[in-house]
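Please read it alongside the sequence and the coordinates.

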Amino acid sequence: MEYVKLGRTGLDVSRICLGCMSYGDPGRGNHSWSLSEDESRPFIKKALDLGINFFDTANVYSAGSSEEIVGRALRDFANREDIVIATKVHGKMRKGPNGSGLSRKAIMTEIDNSLKRLGTDYVDLYQIHRWDPYTPIEETMEALHDVVKAGKARYIGASSMYAWQFLKALHVAEKNGWTRFVSMQNYLNLLYREEEREMLPLCKEEGIAVIPWSPLARGRLTRDWEAQSIRSETDQFAKQLYTQTEEADRKVVQQVAKIAKERNVPRAQVALAWVLQKEPVTSPIVGATKIHHLDDAAAALNLKLSAEEIQRLEEAYVPHPVLGGL
């Protein structure tokens, strides 16, 4: 495993981050395809055995059960000081007012709830899952600053928003002397490259770690275009991500398959190698529901694509609707 600093911080993270949305009680929340606790634990153990020290979850994943499962497994399999735990806040956690969003009340409530579920005194990275247009960013940033000063989070990060929103948050923090975002968890893969326009250059300029989610486009880059999985058939959110560019996307998927065949490696390794070589990507967030998914992720670190291969992978791409905070 390779390790790299998380942006301009002194924190060392593995170049592969294990995304834990797949681990949660399938009877809770809206992830009916998620793995139960008994099914999930071998994946967390395998990730640790591969040298992965970076684990990402969120309070909304399977209505909090992802945090519970991940927390128990990491307590059993690892030393707290050796691992980096990231979670998120924003989504709806209960009915009624103040059950979601990024108000001071919501943040202070949800950090304590997340710590309880994870079974830890602090998280290493506390991220806002989306932008909250109904709460002043000043209120959000000051609350996050206080979470850090209270010792409940070591660093803070953001996820999936427009570049102007992220820059505004950075400016507000700097202006007031509050804790600054150190990472951006955004949507980036061979089927969605709109982040190359503004967000990636912004992160490079500001020394922000980039930890993309869905680097394999929810598995679309790893299988034939017509092939389906249980998740692809039931994941309603995925249907919002791929709508208007099907023919171009199909050509990209076909090129991934061709290069994988030429290299004699699984398609996942080719698609992930592309993300790993994209500046300024730090640690792609990889989901795994089969053990070989983790082996492929680790192997992708050693697969160096040539300039000609990268051109082939990118040439069929067409501009997509900018998703911003979807």
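Two cavities of 30 Å³ or more turn up in a search of the whole structure. The model is a predicted one.

**Cavities**

- The largest cavity has a volume of about 70 Å³. Eleven residues line it, and those closest to its centre are Ser160, Tyr187, Glu195, Leu323 and Gly324.
- The lining of the largest cavity splits into seven nonpolar, three polar and one charged residues.
- The second largest cavity holds about 30 Å³ of space. Its lining consists of Leu102, Trp131, Asp132, Thr135, Ile137 and Thr140.
- By class, three of the residues lining the second largest cavity are nonpolar, two are polar and one is charged.

**Ser160, at the largest cavity**

- Ser160 is among the lining residues closest to the centre of the largest cavity. Ser160 sits in the loop between β7 (153-159) and α5 (163-176).
- Ser160 is not a glycine, yet its phi is positive, at about 40°.
- Is Ser160 buried or exposed? Ser160 counts as buried because its relative accessibility is 3%, and the cut-off for buried is under 20%.

**Helix α10**

- Helix α10 spans residues 267-276 and is mostly covered, with nine of its ten residues buried.
- The buried residues of α10 are Ala268, Gln269, Val270, Ala271, Leu272, Ala273, Trp274, Val275 and Leu276.
- What covers these buried residues of α10? The cover includes α9 (246-263), β10 (285-286), α11 (291-300) and α12.
- Pro280 lies in the loop between α10 and β10. A cis peptide bond joins Glu279 to Pro280, with omega of about -5°.

**The loop between β9 and α7**

- Leu216 is placed in the loop between β9 (209-210) and α7 (230-234). Leu216 is buried because its relative accessible area is 18%, and buried means under 20%.
- Which residues does Leu216 touch, leaving out those up to four places away in sequence? They are Asn189, Leu221, Thr222, Ala268, Ala271 and Leu272.
- Ala268, Ala271 and Leu272 are among the buried residues of α10.
- Leu216 and Ile285 are 69 residues apart in sequence. Their C-alpha atoms are 9.6 Å apart in space.
- Ala217 is also in the loop between β9 and α7. Its phi is near 55°, a positive value in a residue other than glycine.
- Ala217 is buried, with a relative accessible area of 0%.

**Glu309 in helix α12**

- Glu309 belongs to helix α12, which covers residues 307-314. Helix α12 is among the elements that cover the buried residues of α10.
- Why does Glu309 count as buried? Its relative accessibility is 8%, and the cut-off for buried is under 20%.
- What does the side chain of Glu309 reach at 2.9 Å? It reaches the backbone nitrogen of Ser306.
- Setting aside neighbours within four places in sequence, Glu309 is in contact with Ile259, Arg263 and Lys304.

Key. Residues are numbered from 1 along each chain as its sequence is written. This is a predicted model: local features need pLDDT of at least 70, side-chain atom pairs count only at pLDDT 80 or more; totals for chains, interfaces and linings use all residues. Side-chain values use heavy atoms; hydrogens and water are left out. On a 1 Å grid over the protein atoms alone, a cavity is a set of points where a 1.4 Å probe fits but cannot get out, and a pocket is an open set with protein on both sides within 12 Å along at least five of seven lines; lining residues have an atom within 4 Å of a point. Grid points are joined across faces, edges and corners, and a volume is the space filled by probe spheres set on the points. Ala, Val, Leu, Ile, Met, Phe, Trp, Tyr, Cys and Pro count as nonpolar, Asp, Glu, Lys and Arg as charged, and the others, Gly among them, as polar. Helices (H or I, at least four residues) and strands (E, at least two) are DSSP runs, numbered from the N terminus. Buried means under 20% relative accessible area, exposed over 50%, partly exposed in between (1.4 Å probe, protein chains only). A polar contact is a pair of N or O atoms within 3.5 Å; within protein, one must be able to donate a hydrogen and the other to accept it, and residues adjacent in sequence count only if both atoms are side-chain atoms. Contact means heavy atoms within 4.5 Å.
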